[in-house]
Structures are given as structure tokens and as C-alpha cells.
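Hi,

Here is the structure I promised to pass on. Please open it first, then read my notes below.

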Amino acid sequence: MKRWKKIFLLFETICIVFLFTGCFNYREIERNTIVAGMAIDKGTGGYKYHMTFETLSLGGGKDQSAKSVLLASDGNTIFDCVRNSVTMADKKLYFSDSKVIIISKELAQEGIKPLLDFFLRDAEPRITMNMLVSDEDTAADILKVKVQTNEPVSYKISGMLEQTEKSQGHVLPTPLFQSYNILSSGSQDLTLPNVRVVKLGESSEPQVTTNIIFKGDKMAGYMPDDECLYYLILKNKIASGILLTGFKGLERDISLEIQKCSAKIEPTVDGNNVTMKIQIQMDASLGEEQNSNQKYTVGNGEFESIEKVADETIKEGTENLISDVQKNFGTDIFGFGTAINKNKYGEWEKISKDWGKIFPNVKCEVTADVKVLNSATAFPKGGEK
């Protein structure tokens, strides 16, 4: 019996030892300079790149807020810039909490793929960092903004992207790993959010505006603001947002709040003739109506006419977006090639080499089915009914 007790105590001791393990590469926070985000511009003075790092200065005592401090360095590679930053930073840069990479428009037009390798290869940077293209003269101009909330600009932009995706249905955030996968796929093209600086009175704020369209890894142009919603619908990335529709020639006097939306893309391939059948289903609620001649409320059940005009709005908007991209950019940002590769692999093998020439002539058959589920009452709150 005593022997079994000893064996049990030995086993218990071994189990407890495993509970006292720690991180093998743990480092004190005081020994690192935390990088919240970074901007990459074209270099000067013989260097290929100029990088600006937004670092965090942690207050001591009662002041526990994080203040941003900008550091800059030059180099002929991204890694070279990082190492050269030691001439300005008294501690090693630490990238595990970095949120955004902002690329200058000039570099985006030349090609962004060479900029990604370091961040994907190094152990510290997270592959979930968001990439954006600056609409200012330099990418560093974005990080130089002093926001009213005094928070780091990189964190502010990251929060804006998160809220935009959840509630606005306007800009599509693309993390680092997804950007690389798209650029390497050969079956679709990339979009990245555009960021600029806007003046609000005496202060300035960063603003995420629209989607930048790429052809290969080079910036091709801007997506029109009124087409961004339909892009997110086609990409099945619409969590919420507002669909503007209306009567009298589709005047936008009715606001539908999107509750749920999905798009199904089915390709048909006959040699080089490709047709994409696109079916869009949306559940929405009536959020606002500015037409004083008709009021739609919960009780009257007269949503059918709104649903029909909303169907037409989505169909028209989606077709216009696809046509504009085919005509003006010739770049498959919708992933039509990926849909063919996934559903008709044999056909994709035959046309993949000529996809760049085939895509502008792809025919699209769009159908939409909108269901208006509910509405607020048209009666004043707290007033007589």
C-alpha cells in the first residue's frame, strides 16, 4: 500500500511541475519599444525605403496612458530599415502589437509584393495586421496626425476598420496574410482600404474612405464610393450597412438597414465564354422613409413594393460595379476566377493562363431577393396615436 502511495505522490509531483512552466522567449516590456503601426514611403538619399514607426511611450505612476512617439529610418530593404532604427531608438523595436501597415501611393503604384516578405517571414509581426494605402503625399503623413482622443493613430485606424466592417458596409479590410494569398493565387485580384487625413475645425483626423483596386500587386485606381456596398455584398463580407433605395426612378429616399446578406456565384464555362450567375439574398428592416406620401409601418404589411424596388437597386448597382471594373481596370477583384477554380477545376486549368484577357468579357446574370422583415412605427414617440 505504501508503494502505491509513493507512486501516486511521484505522479502528482510531475503533474504540478508542468503547471509552473513559463514562456521560453519572455522579455520584459521595459526592454522593448512597442510599435503600434508603421508607414512605408519611397526612400531618398540613395535609399530604397523610408519607414516611419509609431511607437508607444508608456506613462508611469498615475499616468498610465500610452502616448505615441514617431521614429524614422532608411534602408534598402524593410529589414534594413528596422535594424537601422536603432540609431534613434534606445530599445529594440517590438512588432507583436502592431496593428496597421500604411503604404504610400507611390509605392503602391510600383508594386507592394516586395514589401510583404519581411512581415510574413519574421516571427514577431502578426499576419493579421491590416494594410492600407495613403491618399496623402506620404504614408508618414497619416501617422503624424494628432487625434482628438490622444490615442495612437494606428490603434484609431484599426478600430475604424473594425467598426466600418461591422456597421457601415463600405470598406473591406484585408489582413496581411489574405493580401499575400490573393496576390499569389492567380485567380483573383486585391483591394486595400484607402486612408486620408481630414480637417475637423482646428484638428485633423484619419479617415478610411474607399477601396483601392489593384492589378497584380500594382495600384490601378479607386473604387467609386457608391459602388463599395455592392463589392462587399459580392465578397460576402457585409455584416451590416444601409441600402438606399426608393421609387420614382430609384430615388434614394428609403433607407433599409441590412440584417443579413449572402451572395452565391455559380460559373458556367464554355471554352473562353464564361457566365457568372449571381444570386443575392438580403434580409433588411425599414429604417427611414422620406416620402411623405406613403408611410410603411409594422401593421399594414405593404412591404412588397419596397422589396421589388430594392431588388432592382441591388441588381443595377451590382451590374454597374462589375461593368465598371471590367471596362476601366480589367482586374478580377470579385474572385470569379477562384469560383471557377473551385467548382470547375478542369475548365480553369484550360483558361487560367488567359484569364486576364477573358475576365473583361465575362457575362454576369444578377438576381436579387430582398425581404423587409420589420419597420419602426411612423408615430411620434411619446405622442398620441
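**A helix pair: H4 and H7**

Helix H4, residues 113-121, packs against helix H7, residues 176-185, at an angle of about 130°. Their axes lie 11 Å apart. The crossing of H4 and H7 is left-handed. Keep in mind that this is a predicted model.

Which residues meet in this contact? From H4 come Lys113, Leu116, Phe119 and Leu120. From H7 come Leu176, Phe177, Tyr180, Leu183 and Ser184. By type, the residues of this contact divide into seven nonpolar, one polar and one charged.

**Helix H9**

H9 covers residues 304-328, which is 25 residues. How far does H9 reach from its first C-alpha to its last? The span is 36 Å, close to the 36 Å expected at 1.5 Å a residue. Glycine 330 follows H9. The phi of glycine 330 is positive, near 60°.

**The whole protein**

Now the overall picture. The secondary structure comes to twelve helices and 13 strands. The protein has 385 residues, and 46% of them count as buried. Now take the contacts with a separation of 6 or more: residues 24 or more positions apart account for 66% of them.

When you have the model on screen, start with H4 and H7, whose axes are 11 Å apart. Then go to H9 and glycine 330 after it.

Best wishes

How values were computed:
Residues are numbered from 1 along each chain as its sequence is written. This is a predicted model: local features need pLDDT of at least 70, side-chain atom pairs count only at pLDDT 80 or more; totals for chains, interfaces and linings use all residues. Side-chain values use heavy atoms; hydrogens and water are left out. Axes are lines fitted to C-alpha atoms, for helices over the stretch in contact, and angles run from 0 to 180 degrees between N-to-C directions. Helices (H or I, at least four residues) and strands (E, at least two) are DSSP runs, numbered from the N terminus. A crossing is left-handed if the near helix is turned anticlockwise from the far one by less than a right angle, and right-handed if clockwise. Contact means heavy atoms within 4.5 Å. Ala, Val, Leu, Ile, Met, Phe, Trp, Tyr, Cys and Pro count as nonpolar, Asp, Glu, Lys and Arg as charged, and the others, Gly among them, as polar. The expected span of a helix is 1.5 Å times one less than its number of residues. Buried means under 20% relative accessible area, exposed over 50%, partly exposed in between (1.4 Å probe, protein chains only).
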